[in-house]
Amino acid sequence: PVAASCLQLYRELMHRRPLTILLTCEHGGHQVPPAYRKLFAPHRALLQSHRGWDPGTAQLGERWHQASGWELQTAIVTRLLADLNRSPHHPRVFSEVTRQLPVSERQEVLREYHTPHRRRVYAAVEAAVKAKRRVLHLGLHSFTPELDGHVRNTDLGLLYDPSRAWEVELSRAWRQVLRANAADTQVRLNYPYRGNADGLTTFLRKQFPNNSYAGIELEINQRFPLAGGPAWTRLQSTCIDTLSQVLAEAS
């Protein structure tokens, strides 16, 4: 069962202020818009790598959307054009491929491909908050099993801001249920990245208070979607079913 403190928090969430859940995939594909195909022609291998996209996230997002009816916002243009999970001023919002473009062209990339996705997500959160609802935003991401010679020793990561009480409670409760229902699945909190680093959830936390918005990033080891098969299908079901269980036990 979910810890008593979590249950109390979720009962308040569910009964006093209805919950809206939003799914987003910032790196759901590695498509290159026609205007930039010549620029990316020498970088086909890079596009297919973990640098170009987050394998599995669009598939999981669509399956979750079909199972739950929750709103889904998926971006399918490669993150190498502009990283939608980076702030526009971040030094790595552009990759080594697009960083060479003139300032005017980089600004055009932001206007055409970076800003619209972030505005759609912001608008969805804002509309729910104005309707006196709480928002749980799940950012779906995946990570390469090995980076710079270091093996990432987890299957799932739950990223959150340790200063946001609702995010802390939700992440701990979800990990507890995951461990109880899928003991062979390794789950770590704020790994392989920090949950309060620059990202879309971090931006939204600055716009909406803790009692209205929680942003959790679900990080999936890419070895599952890249291998496919029953293990990947099972992991998707595990993610969907365990979060549903957390929310159901709280109602």
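Modeller: Gladly! Among what covers the buried residues of H5 are strand S1 (19–25), strand S2 (71–74), strand S3 (134–143), helix H7 (200–207) and strand S8 (213–221). This is a predicted model, where local features need pLDDT of at least 70, side-chain atom pairs count only at pLDDT 80 or more, and totals for chains, interfaces and linings use all residues. Residues are numbered from 1 along each chain as its sequence is written, and side-chain values use heavy atoms, leaving out hydrogens and water.

Biologist: What makes a run a helix or a strand here?

Modeller: Both are DSSP runs numbered from the N terminus: helices are H or I with at least four residues, strands E with at least two. H5 spans residues 103–130.

Biologist: How do you know where H5 bends?

Modeller: The bend is the angle between axes fitted to the seven residues ending at a residue and the seven starting there. At Thr115 that angle is about 40 degrees, and Pro116 follows within four residues.

Biologist: Why is Lys132 called exposed?

Modeller: Exposed means over 50% relative accessible area, buried under 20%, and partly exposed in between (1.4 Å probe, protein chains only). Lys132 has 62%, so the label is exposed. Asn190, at 23%, is therefore partly exposed.

Biologist: What is the phi of Lys132?

Modeller: Positive, about 65 degrees, although Lys132 is not a glycine. Asn190, also not a glycine, has a positive phi near 50 degrees. Most residues other than glycine have a negative phi.

Key. Contact means heavy atoms within 4.5 Å.
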